[in-house]
Amino acid sequence: MSSNFEKCRDTLKERTTVLFTSGELSDCTFIVGENKVEIKAHKIFLAIASPAFHAMFYGDIAEKDESILIKDLEPAAFKGMLEYIYTDKVSFESTVHACDVFIAAKKYILPFLVTYCEQFISDNAEATEACELYEFAKFHDVESIQKACVELFREETNDVLLSQAFVEADLETVKVIVEQDVLSIASELQLFQAIELWAYKEAERLDATIEEVATKMDCVVSHLRLLSLTADEFATAPALSSLLSTQERLAVAMNITRSGTMPYPERLSKIAKPRKPLPQPVPYEAVWSLRRYCQDNQATFEITKWSNPFPRIGIRVSRPIRIRGVKISSQKKTLLDGGPRTYEEKVTLVLKKDWAIKFHGALYHGDAHYNTELFIKFPKAVMVEPEKLYWLIVQYDRPGNYLFTKDVSVNYSSHNMDITLTSDFSTITELMFADIPPKPPVTAMVTATTFIRPSPPPSND
């Protein structure tokens with residue numbers, strides 16, 4: 001039988017990696033998880049990395065059995081921890097995997113791995129999992145992850161509110177979101193509808209009525225800026241909501257119509273100023289959007305398999321740019337008292353150069369609020385070449401009524417570039433772009449002195 005060590009390896013890390021991946025020369029075996037997965041290891045490597053393993057193998061009450069049962073960790077988490085011990089890195093599968101490895105690192109007293117996991121989670125957290133990660137960080141008292149999640153609450157609010165993690169979140173997490181002075185939402189109505197959906201889901205979890213849940217939500221409802229709504233927005237959902245008492249609904253409606261008409265309830269926020277999205281100064285990748293100029297050229301049509309199956313927009317740009325995604329209209333519906341506020345949406349976004357075979361795709365599949373917008377984001381921003389015609393195509397998977405718009409003007413100038421859109425009716429309301437990062441500073445050698453071109457000054461945005 002050939003040995004994994006027949007090939008010479010230059011570095012210690014290369015040699016220990018072979019030990020980790022092959023299990024060769026191992027002198028202990030861990031039986032991990034409910035399925036009792038066997039993982040081989042080497043006592044000396046574990047002992048010099050972790051005081052917990054040192055005590056396990058070489059302490060006064062050291063393990064005599066070569067097989068050690070580990071019930072409270074999953075195999076992927078335990079393997080991730082061992083990978084770090086042997087190689088100084090972890091091939092994380094996801095932020096959830098990183099959380100599991102974090103727990104293993106805490107258990108076996110590996111502070112450097114704890115920090116390594118914290119950094120990965122903070123850098124790779126997504127809006128759709130922000131609530132879950134925030135609660136994980138809160139439980140383990142990890143400030144850096146909490147801060148990263150709060151930034152997602154503020155900067156990618158729409159995706160946070162539409163996530164499954166939000167409707168399953170703790171009340172305290174919902175409170176943290178509504179407390180933010182800055183949220184990236186089109187209107188307070190969007191936040192109210194999300195909070196109301198959370199309340200209905202909480203009522204299901206507790207086998208309680210919505211009215212019973214509402215009595216325990218003062219800490220959330222008191223931060224909703226109902227006075228920032230228009231009369232039409234208030235009539236859409238809050239005016240019929242069980243989160244407010246009859247007297248509160250009347251007082252809000254009267255004060256929206258004419259401030260000071262009647263006394264305002266003490267438990268409700270008197271802030272009438274809408275929340276504002278955070279400015280997003282990105283040092284290496286400027287992110288911005290183009291709102292279509294549609295005016296009155298809009299109408300609601302029913303999407304079916306036989307009519308308007310592929311709403312589209314053609315786009316041509318004057319310089320290289322990347323497209324992050326688009327915002328589209330969600331379904332339009334007159335909401336009656338007690339009726340559902342959300343529906344299941346499944347939409348595919350396709351970007352093609354002219355009608356070439358190759359294309360890029362993005363998918364939105366999940367709960368959506370009626371009468372608002374959805375953000376469909378490509379997994380990675382897609383480069384588009386100048387003066388080439390590209391098509392953005394929206395493909396729906398189920399019938400429904402949607403707002404179609406048509407540009408009054410198809411030629412735009414923005415961010416040092418010209419953008420031309422085709423004059424097609426489409427459900428696309430906004431296009432999201434990302435500028436190409438600048439090249440790193442150039443270093444030039446002149447005689448014996450190195451001259452470095454200075455970086456551009458920071459943006460004031």
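This is a predicted model: local features need pLDDT of at least 70, side-chain atom pairs count only at pLDDT 80 or more; totals for chains, interfaces and linings use all residues.
View 1. E188 belongs to helix 12, while R275 sits in the loop between helix 16 (246-257) and strand 4 (287-291), so the pair ties together parts that are 87 residues apart in sequence. R275 is buried as well, at 5% relative accessibility.

**View 2. E156 meets K377.** Here's another salt bridge, with the closest N and O atoms of E156 and K377 lying 3.7 Å apart. Look for E156 in the loop between helix 8 and helix 9, and for K377 in strand 10 (residues 373-384); the pair therefore ties together parts that are 221 residues apart in sequence. E156 is partly exposed at 25% relative accessibility, and K377 is partly exposed too, at 30%.

View 3. K327 and E430 join their side chains in a salt bridge, at 3.7 Å from N to O. K327 is in strand 7 (residues 321-329) and E430 is in strand 15 (residues 428-434), so this pair ties together parts that are 103 residues apart in sequence. K327 counts as partly exposed, at 24% relative accessibility, whereas E430 is buried, at 8%. Zoom out a bit and you'll find R291 and E373 linked with these two in a network of salt bridges. The whole structure holds 16 salt bridges.

**View 4. F166 and the largest nonpolar core.** Nonpolar side chains tend to be buried together in soluble globular proteins. The largest nonpolar core here has 86 residues, and F166 is one of those with the most contacts inside it, along with F30, F53, F78, M81, F153 and I195. Helix 12 gives this core its largest share, nine residues. Setting aside neighbours within four places in sequence, F166 is in contact with residues including C131, V174, I177, I195 and W198. A second, separate core of 38 residues includes L162, Y396, L421 and I428.

**View 5. Helix 11 and its packing partners.** Helix 11 covers residues 171-179, and its buried residues are T173, V174, K175, V176, I177 and V178. They pack against several other helices, among them helix 7 (130-140), helix 8 (143-155) and helix 12 (188-206).

**View 6. A nonpolar patch on the surface.** I44, I48 and Y58 form this patch, with about 330 Å² of accessible area together. I44 is found in helix 2 (residues 43-49) and is partly exposed, with a relative accessible area of 47%.

Note on methods: Residues are numbered from 1 along each chain as its sequence is written. Side-chain values use heavy atoms; hydrogens and water are left out. Patches are made of residues with over 30% relative accessible area and no salt bridge: like charges are joined within 9 Å, nonpolar side chains (Val, Leu, Ile, Met, Phe, Trp, Tyr) within 5 Å. Accessible areas come from the Shrake-Rupley method with a 1.4 Å probe; for residues, only the protein chains shown count as cover. A salt bridge is a side-chain nitrogen of Lys or Arg within 4 Å of a carboxyl oxygen of Asp or Glu. Helices (H or I, at least four residues) and strands (E, at least two) are DSSP runs, numbered from the N terminus. Buried means under 20% relative accessible area, exposed over 50%, partly exposed in between (1.4 Å probe, protein chains only). Contact means heavy atoms within 4.5 Å. A nonpolar core is a set of buried Ala, Val, Leu, Ile, Met, Phe, Trp, Tyr and Cys residues joined through side-chain atoms within 4.5 Å.
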